[in-house]
Amino acid sequence: MPGLILGIESSCDETAAAIVEGGERTLASAVASQIPTHARYGGVVPELASREHLRAVVPVVRAALAEAHLNFADLDAIAVTSGPGLAGALLVGLSFAKALAYACGLPLIAVNHLEGHIHAVLLNERESGERESGATSADETPSLALVVSGGHTHLYRARPMQGTWHYTLVGRTVDDAAGEAYDKVAKLLGLGYPGGPWIDTLAPYGNSRAVPFAFAQVKTKLHLGGKPPRTKEAKTAPIAQLNPRFLFSFSGIKTAVLRYVELHEMREEARERAIRVLAGAGRPQNREEALALCPQPTLDLIASFQRAVVGDLLKKSFAAAEALGATRILVTGGVAANRELRARFTAEAGKRGLRVAFPTLALSTDNAAMVAAAAWPRLLARDFAPPELTSDPSLALV
Ligand code: KG4
Ligand code: ZN
């Protein structure tokens, strides 16, 4: 079977469709970004996201089919993200995929968005002929996967077994995701949305040792003898059962940046910058333009923030890899596009004799090629979604 899968993704603020053959050859990948819609609000507005998905879903599917020179009749299956994500946003992609699968008489495959991000790395490896980073298909050594995006900062033990991948949650954030911290700090400093690309662009020009941000080990209440912390996802992810060495917390650094800004009277400057950024395209058009917006102390603050966040992600990921006996680390999700993160993970892996793999920049942020790639082992196993499939905004990866 050629295994032509149409993937559809609509969990957050990108409407995407892609066609991947046999889990390893991308024939088309179309992404309709909603960034301009949400940028003026400084973050994703769920109702607007649903409305934009409704507008974009048919055109992106058409664009993917046209790019691949295929018709619906050529497809073998339809894969769709069923969670986690924004409830209304997920529902648009899922309802459309269900209707399409029914109308075309094709099987429907439900994909967890986090598994999709992990498969973005595996898809790139297969496409570049590295086949699971040089491993043979019989190699079932576990990998450590760090999914680090605007909604997640999760560590998984990922292991291939007889063609399918199995995941165990090892660590996660107890509050904000790392990407969320990037976005909130950028907003606080009057930079545009999403904040990651701005901070990535500006950080190399600041002194990363100027502001000493620190991360302490997260203590869950259960470890202190009380109840586990209540978070949005507590019902699906048992934080209190995880090793606290592998827990993240990014809400404190956002408050620390806020205090620093207030103490150093940088509020007014940030407000003026926000007005200028909003009047422009909202994204750093080029380095010079971005740099012209920020005096040196702001650049130093940005560099220090990034150094601390990347350092914390690095420390806990490598500690988890060592504890699990993983020989490679897969880093994926929007924040995996970050240059300092890539450079430091690569250098650390080199020192420790581990392998590290990232998706291409285009596959780091949300896309549908990763959804179609993750569905391939399911198509082989005939693991199809039932007709009553519904989306689950807090779907856990197990
Ligand atoms: O994976 P993604 O597109 O959507 C989610 O599933 O959340 O990730 C989006 C997140 C945003 O928080 C954005 O600021 C962050 O990824 N991001 C970055 C970079 N590019 C995107 N963070 C740091 N550096 C980047 N270059
Ligand atoms: Zn994502």
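1. Let's start with a helix pair: α10 (residues 296-324) and α11 (residues 339-352) have axes that come within 10 Å and cross at roughly 35 degrees. Axes here are lines fitted to C-alpha atoms, for helices over the stretch in contact, with angles running from 0 to 180 degrees between N-to-C directions. Helices are DSSP runs (H or I, at least four residues), numbered from the N terminus. The crossing of α10 and α11 is right-handed, the term for a near helix turned clockwise from the far one by less than a right angle.

2. A word on the ground rules: this is a predicted model, in which local features need pLDDT of at least 70 and side-chain atom pairs count only at pLDDT 80 or more, while totals for chains, interfaces and linings use all residues. Residues are numbered from 1 along each chain, chains are lettered from A and ligands numbered from 1 in the order written, and side-chain values use heavy atoms, without hydrogens or water.

3. On the α10 side, the contact (heavy atoms within 4.5 Å) includes Val310, Leu313, Leu314 and Phe318. Among the α11 residues taking part are Leu341, Arg344, Phe345 and Glu348.

4. Now to the metal. His113 (NE2), His117 (NE2) and Asp366 (OD) coordinate the zinc ion (ligand 2) at 2.0 to 2.1 Å. Donors are N, O and S atoms within 2.8 Å of the metal (3.2 Å for Na, K and Ca), and sites may look incomplete because water is not among the atoms. Along the chain, the zinc donors follow the spacing H-x3-H-x248-D. Histidine 117 sits in helix α4 (residues 113-127) and aspartate 366 in the loop between α12 (361-364) and α13 (369-380), so this pair ties together parts 249 residues apart in sequence. Histidine 117 and aspartate 366 are both buried (under 20% relative accessible area, with a 1.4 Å probe and protein chains only).

5. Beyond residues up to four places away in sequence, glycine 116 touches Val111, Met370 and Ala374.

6. Finally, aspartate 183 lies in helix α5 (residues 178-188). Its relative accessibility is 18%, so aspartate 183 counts as buried. Leaving aside neighbours within four places in sequence, aspartate 183 contacts Tyr193, Pro194, Gly195 and Gly196.

Notes: Helices (H or I, at least four residues) and strands (E, at least two) are DSSP runs, numbered from the N terminus. Buried means under 20% relative accessible area, exposed over 50%, partly exposed in between (1.4 Å probe, protein chains only).
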